[in-house]
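Subject: Structure handover

Hi,

Here is the structure I promised to pass on. My notes follow below it.

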Amino acid sequence: MYRRQPWAEDRARAIIETHKGMRGALLPMLHAFQEEFGYIPQEAIQLLANALNITRAEVHGVASFYHDFRREMPGRHIVKVCRAEACQSMGADDLVEHAKRRLSVDMGGTTGDKSFTLEAVYCLGNCALSPAVMIDETLHGRVSPERFDELVAQQAEAAE
Amino acid sequence: MSAVTVYVPKDAAALSMGADKVATTILAEAKSRGVEVDLVRNGSRGMLWLEPLVEVALPQGRVAYGPVAIDDVAGLFDAGFLDGNVHALFRGLTEEIPYLKEQERLTFARCGVIDPLSTEEYEAHGGNAGMKKALKMSGADICKLVADSGLRGRGGAGFPTGIKWQTVHDAKDDEKFIACNADEGDSGTFADRMLMEGDPFVLIEGMTIAGVAVGAEFGFIYIRSEYPHAIRTMQAAIEAGRKAGWLGRGIFGGDKNFDLEIRVGAGAYICGEETSMLESLEGKRGQIRAKPPLPAIKGLFAKPTVVNNVLSLASVPVILDKGAEYYKDFGMGRSRGTQAFQLAGNIKQGGLVEKAFGVTLHDLIYKYGGGTASGRPARAVQVGGPLGAYLPESQFDLEMDYEAFAAKQAMVGHGGLVVFDDTVDMAKQARFAMEFCAIESCGKCTPCRIGSVRGVEVIDRIMNGEDVDKNLQLLDDLCEVMVDGSLCAMGGLTPMPVKSALNHFPDDFRRAHRAAAAE
């Protein structure tokens with residue numbers, strides 16, 4: 001779960017310090033940054049470059065290569081709808097269209113009230129119980145459009 | 001009266017159907033009725049359409065009820081499920097359910113049976129027997145035993161595991177690594193996840209045996225970020241393994257060292273390709289490396305590295321324990337042992353079926369799977385993930401065997417089967433194969449990076465009925481370039497689903513064309 005803390009350089013330096021001894025530390029550091037701040041802030045790029053003695057371009061290259069790393073703050077909940085083949089065979093395309101309508105966003109978008117970010121994912125490993133959806137770190141199977149609405153409503157209620 | 005042991009799985013698939021709530025409801029109901037229940041959170045038995053599958057331990061064996069919803073719990077208590085009484089969800093003795101009974105569980109023998117994080121239960125159910133034998137053998141002898149078993153890479157490529165290990169064993173260097181590929185990105189596959197959540201110690205044991213065999217003292221497990229439950233279970237298992245003296249310095253009280261670290265992927269499908277995974281482990285963009293040099297010679301941090309899939313490594317303990325001959329007796333042709341087949345997509349009884357190679361697609365889809373979930377006729381099955389071929393019903397008699405599949409321009413891959421009913425549009429599926437490649441290509445080579453984008457465009461034109469014959473020819477040429485010119489399997493195999501769709505379902509590509517002609 002993301003902590004979504006506001007940017008704090010001392011906190012960022014502490015994260016770098018705890019990972020510094022690792023070999024190939026950049027991915028674990030990026031993950032840790034995202035967990036702390038909700039995304040990879042621009043300020044982090046220079047710090048990482050200095051810490052690992054690589055260029056900012058290299059850090060940017062890695063951060064932008066992987067689908068997981070965000071460069072903007074996501075909504076309070078991240079809704080991932082699986083679009084891969086197993087889920088397609090059970091109506092994932094319709095579920096995606098439904099999700100877009102229900103949340104009034106496109107894939108990759110965040111709702112106006114910042115409650116939800118809707119994303120496509122290619123396989124959640126729940127292929128025998130398709131279609132699959134993951135909300136934050138909670139996996140759901142056999143998600144019909146009605147079930148999707150229930151899940152979204154539960155999250156909205158929990159926030160109140 | 002002593003407490004009755006009740007099992008409620010903690011596997012992600014079971015959780016996705018509400019297993020956590022079922023578990024807490026059972027505990028609450030037991031408390032309010034003054035009954036003592038000892039709740040164990042096991043892995044999944046792999047009968048995923050029955051999840052959450054609740055089991056009760058009785059003198060005659062474990063009795064199963066499923067799929068259990070929270071609303072069913074009170075009724076189960078009323079019916080006396082703690083005594084194994086009949087209820088609408090009663091499935092009889094778990095081990096006697098035909099789906100499970102007619103499997104050959106070697107790699108998944110303990111999965112769903114034990115508490116995944118109990119070191120005592122692991123050893124009580126045969127765990128570490130292979131490890132203890134390995135510690136008395138030379139590295140070369142372990143490599144030979146694995147080679148003799150006929151074990152081939154379960155990730156999809158099917159390369160003989162023992163030969164790979166021998167190469168790393170023979171390489172001279174001051175440091176070597178074991179890298180476990182748990183970046184199970186293929187749609188229709190979940191066996192690695194199920195194993196890591198249901199029996200994580202077997203993977204640790206397999207990796208430790210690999211380390212002892214080739215002379216490596218450190219291993220990485222690269223797990224995809226889409227598997228948060230597997231990451232947590234593996235992490236807890238590594239810590240428990242260290243406490244038990246199975247990992248760390250002087251493992252099992254001897255003079256050998258071996259330790260493990262988990263690294264989490266970041267949503268890039270290509271990192272399931274071994275060299276791309278190594279780059280990612282080094283903290284770089286997950287771009288593939290040209291081979292040679294092989295990772296076995298120059299792999300992680302330029303050191304000799306064993307790169308194996310979860311199931312390849314997890315199959316090693318049983319081979320060490322029971323011998324190469326025992327393992328080799330399962331299977332057919334050059335495909336020895338068992339494979340964890342995963343029934344997915346539009347299927348009534350989805351789940352994991354570990355069977356010896358040689359089982360037919362038909363048996364997997366109908367005998368185990370029970371046909372489609374929609375009840376409509378099955379039209380196509382995609383075997384081996386997004387890069388695998390779509391096969392029509394006329395080929396369902398095909399036996400699961402690396403060579404038999406290759407002869408039909410198909411592949412067994414990681415053993416996933418995704419079933420589609422007769423509502424599927426195969427031109428759309430072919431288009432998706434190209435689209436997926438365009439999204440996930442690492443960008444290193446042109447045929448994959450550009451070819452996939454052009455592929456989507458050509459298929460769009462075909463689906464729109466524009467110059468269909470000419471564009472079909474163009475698509476064929478494009479596929480040839482991708483197969484022959486790509487650096488790795490991503491671009492090289494993307495044409496497999498495309499061409500299989502074209503070959504077996506040509507009518508789907510001429511719908512717009514026919515509609516136009518009819519006007």
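Start with Ala179(B). Leaving aside neighbours within four places in sequence, Ala179(B) is in contact with Gly219(B), Phe220(B), Tyr222(B), Met277(B), Leu278(B), Leu281(B), Gly299(B), Leu300(B), Thr305(B), Val306(B) and Val307(B). Contact here puts two C-beta atoms, placed from the backbone, within 7 Å.

Before going further, the ground rules. This is a predicted model, where local features need pLDDT of at least 70, side-chain atom pairs count only at pLDDT 80 or more, and totals for chains, interfaces and linings use all residues. Residues are numbered from 1 along each chain as its sequence is written, while chains are lettered from A and ligands numbered from 1 in the order in which they are written.

The core. Ala179(B) and Cys180(B) have the most contacts inside the largest nonpolar core, which has 211 residues. Helix α10 (residues 200-214) of chain B gives the most to this core, with ten residues. A nonpolar core is a set of buried Ala, Val, Leu, Ile, Met, Phe, Trp, Tyr and Cys residues joined through C-beta atoms within 7 Å. Buried means 20 or more other C-beta atoms within 10 Å of a residue's own; exposed means 12 or fewer; partly exposed is in between. Helices (H or I, at least four residues) and strands (E, at least two) are DSSP runs, numbered from the N terminus.

The A/B interface. 34 residues of chain A are in contact with 48 residues of chain B. On the chain B side, the elements giving two or more residues are α1 (12-16), β8 (259-264), α12 (274-281), β12 (338-345) and β16 (416-421). That side divides into 24 nonpolar, 16 polar and eight charged residues. Ala, Val, Leu, Ile, Met, Phe, Trp, Tyr, Cys and Pro count as nonpolar, Asp, Glu, Lys and Arg as charged, and the others, Gly among them, as polar.

Helix α3 of chain A (residues 42-52). Ala44(A), Ile45(A) and Leu48(A) are buried. Down the axis of α3(A), the buried residues fall within an arc of 105°, so they line one face of the helix. The arc is that of the directions from the helix axis to the C-beta atoms. Gln42(A), Gln46(A) and Asn50(A), on the other side, are exposed. The cover over the buried residues includes α1 (9-19), α2 (26-37) and α4 (56-65) of chain A. Asn53(A) follows α3(A), with a positive phi near 55°.

Domains. Chain A has domain 1 (9-65) and domain 2 (77-159); bounds come from an automatic or database domain assignment. Their C-alpha centres are 29 Å apart.

Best wishes
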